Amino acid sequence: MNTLQAIYTRHTTHKYNGKAPSEEQLQTLLKAARASAIGGGKFDTMHITVIRNAEFLQAWEESAAAQIGRPGIHPLYGAPVLILISGILSGTPADNPVYSNGACMVENMTLASTELGLGATHIWGIVNALNADPELKAKLAIPEGFTPICGMASGYTDEVFEEREIPEDKITTVFFD
């Protein structure tokens with residue numbers, strides 16, 4: 001599969017079958033994250049946490065569901081692994097590059113997942129729930145000064161990956177010559 005095929009084939013996975021990526025696949029995903037563009041080359045402002053603990057993932061989902069008043073939802077779609085990206089935030093507009101760095105890391109991992117035949121889901125909302133639950137967040141031992149900003153759920157899926165049409169009018173585009 002070439003890069004464009006991975007881009008056109010990639011999709012958000014909404015159901016995992018419980019099988020986790022192999023250690024080799026996981027290392028490939030992490031290498032893809034580390035290969036991402038990071039603004040100013042400030043790699044020390046980013047942190048990766050790999051979560052494979054099913055009890056923790058379930059507790060995280062339950063906490064998120066309770067916070068939004070929707071008990072019983074499963075925002076991780078049954079994924080057996082979550083790769084959490086944290087960054088150093090200042091609480092100012094200068095944080096925009098940190099969020100972009102995290103998004104680039106996740107996008108690289110989603111494309112690598114497509115190449116490897118793994119499902120991938122870019123996770124945002126449930127990360128807010130983690131940040132709002134200090135007890136749960138503390139269990140992850142994220143380094144001082146880092147805040148979880150996004151993540152990627154990973155695992156095998158029975159969903160089919162097929163190249164999809166990308167309509168030219170999907171996103172408004174203006175040329176300024």
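The dialogue below works through a predicted model, asking at each step how a value leads to a description.

Student: How do you know that the span of helix α3 agrees with its number of residues?

Tutor: Helix α3 runs over residues 54–67, which makes 14 residues, and at 1.5 Å a residue these should span 20 Å; the C-alpha atoms at its ends are 20 Å apart, so the two values agree.

Student: Which residues of α3 are buried, and what covers them?

Tutor: The buried residues of α3 are Phe56, Leu57, Trp60, Glu61, Ser63, Ala64 and Ala65, and what covers them includes the strands β1 (46–51) and β2 (81–88) together with the helices α5 (125–131) and α6 (134–138).

Student: What is found at the start of α3, and what follows the helix?

Tutor: At the start, a side-chain oxygen of Asn53 comes within 3.0 Å of the backbone nitrogen of Glu55, while after the helix comes Gly69, with a positive phi near 70 degrees.

Student: Why is Asn101 called buried?

Tutor: The word buried is used for a relative accessible area under 20%, and because the value for Asn101 is 6%, Asn101 is buried. Asn101 lies in helix α4 (residues 96–116), and, leaving aside neighbours within four places in sequence, Asn101 is in contact with Ala37, Ile38, Gly39 and Met46.

Student: Is Ser113 buried or exposed, and what makes it so?

Tutor: Ser113, also in helix α4, has a relative accessibility of 0%, and therefore counts as buried. Once its neighbours within four places in sequence are set aside, the contacts of Ser113 are with Leu29, Leu118, Gly119, Ala120 and Met152.

Student: Which residues touch the most other members of the largest nonpolar core?

Tutor: That core has 21 residues, of which Leu29, Met46, Ile83, Ile85, Met109 and Met152 touch the most other members. At least two residues of this core come from each of α2 (23–34), β2, α4 and β4 (146–155).

Student: What is Met109 in contact with, leaving aside its neighbours within four places in sequence?

Tutor: Met109 is then in contact with Leu29, Ala32, Ala33, Ile83, Ile85 and Met152.

Student: How do α2 and α4 cross, and which residues make the contact?

Tutor: The axes of α2 and α4 come within 7 Å and cross at roughly 145 degrees, and the crossing is right-handed. On the side of α2 the contact is made by Gln25, Thr28, Leu29, Ala32 and Ala33, and on the side of α4 by Met105, Asn108, Met109, Ala112, Ser113 and Leu116.

Student: Why is Tyr77 called partly exposed, whereas Ala141 counts as exposed?

Tutor: Partly exposed covers values between the cut-off of 20% for buried and that of 50% for exposed; the relative accessible area of Tyr77 is 29%, so Tyr77 is partly exposed. A residue is exposed when its value is over 50%, and because Ala141 has a relative accessibility of 62%, Ala141 counts as exposed. Ala141 is placed in the loop between α6 and β4 and has a positive phi of about 50 degrees, although it is not a glycine.

Definitions and conventions. Residues numbered from 1 in each chain as written. Predicted model: local features only at pLDDT ≥ 70, side-chain atom pairs only at ≥ 80, totals over all residues. Heavy atoms only, no water. Helix = DSSP H or I, 4+ residues; strand = E, 2+ residues; numbered from the N terminus. Expected span 1.5 Å × (residues − 1). Buried < 20%, exposed > 50% of the residue type's maximum accessible area, 1.4 Å probe, protein only. Contact = heavy atoms within 4.5 Å. Polar contact = N/O pair within 3.5 Å; in protein donor to acceptor, adjacent residues only side chain to side chain. Core = buried A, V, L, I, M, F, W, Y, C linked by side-chain atoms within 4.5 Å. Axes fitted to C-alpha atoms, helices over the stretch in contact; angles between N-to-C directions. Left-handed = near helix turned anticlockwise from the far one by under 90°.
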